[in-house]
Amino acid sequence: MENTDKMKNNILSMQLDVDDFVPASADEKESLVVMRESVSFWKDGFRRLRRNKIAMAALVLVIAIMLLSFIVPLFYPYKYEQQTKGSERLGPMQYSSKELERIEAGEKVFPHILGTDQNGRDYAIRVLVGSRVSMTVGLVASALILLIGSIYGAIAGYFGGKVDMVMMRIVDILYTVPDVLIIILLAQVLEYPLQRLSRVPGFSWITTMGPNMVSMFIVFALLYWVGMARIVRGQIMVLKQNEYVTAARALGATNGRIIRKHLITNCIGTLIVTTTLQIPSSIFTESFLSFLGLGVQAPMPSLGSLASAALNGLQTFPEKLFAPAFMIFIIILSFNLLGDGLRDAFDPKMKR
Amino acid sequence: MSDYLVDIQHEKLSFFTPAGEVRALNDVTIRMKEGEVLGIVGESGSGKSVTAYSIMGLTAENGKLMGGTVEFNGHRIDQMSEQEIRKIRGKEVSIIFQDPMTSLNPVYTIGNQIEEVLKLHTGKRGAEAHARAVELLRLVGINEPEKRVKQYPHELSGGMRQRVMIAIALACEPKLLIADEPTTALDVTIQAQILELMQELKGKLGMGIILITHDLGVVASMCDHIAVMYAGEIVEYGETDDIFYNPQHEYTKGLLRSIPKFSERDYTKLVPIEGQPVDMLNPPVGCAFAPRCDSCMKICLTKKPDRTDFEGVHYSRCWLQKKAAFMAARGAESGK
Amino acid sequence: MAKYIVKRILMGFLTAFLVATLTFFIMNLVPGGPFLSEKAITPQAQAAMEAKFGMDKPLFQQYLTYMGDLVHGNLGMSIKKRGRTVNQIIAEKFPTSARLGGLAILFALGVGVPLGSIAAFRRGKLADNIIIVFATAGIAIPSFLSSTLLMYIFSVKLKLLPSLGLKTAASYIMPVFALALYPASYISRLMRSSMLDVIGQDYMRTAKAKGVSTFKSIFKHALRNAILPVVTYVGPLVAYLMTGSFIIEKIFTIPGLGHEFVGAITSRDYPMIMGTTIFLAVFVIIMNVIVDIVYAFIDPRIKLK
């Protein structure tokens, strides 16, 4: 009894009003609920990506490199193959005596920011064009790898059984053959047919790009799709066990449609991430091949061939090595960091 | 030092995530005597697991005690270092988890994993530890324990693995066993067996049990007391009969309405609780359950209700009971 | 288990056979041949050389002859190095490359596994950030750059280390480091992500709830589960690194198998190309079988059948 009294006093001392106990309307209740907006896969992923400072910095870097290597060479005062007599082997920001005379005469001469090479070619533009070559190889090769690898992997993973067995043995063999061998031999095999093809109307772009670069794309596409194929196959094997695939099949969907609509779309995150990480790896290989002298041919520069050429003059002109080395490093690093960021943002398995 | 095995007073605990501070526990008080069975009921994210885990200092790295005390078996857990708590874990208090499929290390034998805890806390080694492991497996009702002890987790079924988890938990005869949804991942028939086993072992060993579940049906047969949690608070607490036959909080009532009752001849419709659980990043100022409550009043949206005590240990936090008291008090006032 | 290994080895033989066939025909389909580079050669002399190496016969017959010798373990005579068999050349060059590659593997594992584990356990802390920065930078430096930069700094500028050959222990430092930089960084990253995966597993929570110390839970419970992806990566890598990296051997002028191989390709020394390719292929296949066996030892869930 005493207890209830206390409670009564207690409750009256709380300064409550009868109005407080009026039922709340639905609107009032609604206003309190902070609705978390339902986010789609893409929206959620991009939000996470934007919050990742390192990935965003890498993205900015990638865009900057693209501008530098694709846009800047278009209106750079020097051309990559342009040889200036008398301006051979200049150090950074140096002018040749001829150029000094022209400056004396009141002419404006654009400085050789990184100096010139032994043929009197401006080194800065060569590094920029070299980056363009590396980026092109990286992007195009990765696109080819994505195409071949995902289709091959999807087919093997989807059909499974004997098809999968045979297809994966082929992958194993390609994995085992030393890639240097295939690259060197294939480049030679392809050289002649490509040259002939470039004379066929409609294929003149091969000459513009250089038969070597085209054969490099083909070699990459033939060799390096196996990693992508393995990843896609693994994903498809897991995905195809999902109920919605059974449901689609029960509804009479064709195999092609199931692969396209249900399986590929569901591993699109993985595809994006793997492709992004494939780009630096392709650039890596390209620079390695060019370093060996197997990549793009002179006068077209590539970061690898520039680094290789700089080796001889390492004692006197170390910056000739550092410039392409730095570009390779920055390109590979920024793509890797971007790829890592994309993986954290879009690969649901990594969600934590 | 209190007379209670578990004595949690006004515990406040937050997790600090990139998105902000998540107030997982907001003034939780729990007392439990030795040998008692306490059920903690609530939906995911209500703080039921966090409450129990804090007894063994098992909160995640980003979790921080923001206030209150946690005492277990005379130890002030909230003031102990990780090294000190480690000596208690597995010995005085142990835990079994929801998913027995993933709770055992796949690369070690069952025996190895039971013996590990024995070596740590009892000093038993070699043949002695092995013998004890076999004995424990027999205790939890595993056939051919001599053979099983040499097997790997993937060679056992889910129900058997949960039995192994119980064997590990009980290896050092703890005073308290925390069972975190021990049957959720299991088949219905196995669920009953595991609950039966726990009850039987409790009879033999006399430890206290905290049974965490979202399923009121599971706690009914086992528990002495039940705490119903919602959004990091205990909204209703009482003896099992109080909760089942005299529920006071609207959330408890909702939970009871959502359990199927096979005894009833007429088909009472199962009523789900509408709405979404609370966003713990932005907890509401008023009663957390208000937006989902059918009897929500204006005050529920702006003020948190206090405890209203009923007979015995039974209490709840709901403005409806306050309303009744308020109206009665005003009536008495005006009558004077 | 024994049955499985036998089966794998038979599969390996099949793969090696296919690799040999593929290499043989690609190699011979490429225009040009081993004797074209020698300018002063008369048609008669060329015909005589071709007859000596059996290259005047139809291609398919050459193939059968080669495969017949291969079954007996005979890789043929080198065309460019007169009077020496491919077996001899491989036996002579392989140990140098293998020593270098073996040291690089040990270095990469010894650095990568601990650093990756530390990074995972100190996730988001200073140690993790430092390790990630280094590991990410490490996989962005091709070996030809790391080795030339190393050479520039330590041989040209500081004059601390010998730049060429493998005569002293000190001359191993730069090539091994340059060779190991990429794998060490890669293993750190691999180890970190797989360790993070394992740390999130329920059994790690069980270990903690048992009262196991953090240190012991890393060594006993986490490491054994987390090392699996590293094993997969390292297996074939052992074969590739031990058969020699052309770049490293060229830059540091080390007389190894990698150097020999690229030389053989450019000079079209057919038997040498075939021999090295088959040697590498068999090595890779053996390593993959070893990886499978190691896997089964580490993880009892994996049944070899």
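Mentor: Let's start with angles: axes are lines fitted to C-alpha atoms, for helices over the stretch in contact, and angles run from 0 to 180 degrees between N-to-C directions. Two residues are in contact if their C-beta atoms, placed from the backbone, lie within 7 Å. Helices (H or I, at least four residues) and strands (E, at least two) are DSSP runs, numbered from the N terminus. In chain B, helix α1 (residues 48-55) lies across β1, β2 and β4 (63-72), at about 65 degrees to β2(B). This is a predicted model: local features need pLDDT of at least 70, side-chain atom pairs count only at pLDDT 80 or more, and totals for chains, interfaces and linings use all residues. Residues are numbered from 1 along each chain as its sequence is written, while chains are lettered from A and ligands numbered from 1 in the order in which they are written.

Trainee: In what order do the four strands of the open sheet in chain B come?

Mentor: Strands pair if DSSP finds at least two bridges between them. Here the order is β2-β1-β4-β5 (chain B), with antiparallel pairing. β2 (20-32) and β5 (75-76) of chain B are the edge strands, each pairing on one side only. Strand β1 (residues 6-17) of chain B is joined to β2(B) by 10 bridges, and B:F16 has B:E21 as its bridge partner in β2(B).

Trainee: How many residues of chain A are in contact with chain C?

Mentor: On chain A there are 30, facing 34 residues of chain C. α16(A) gives the most to that side of chain A, with nine residues.
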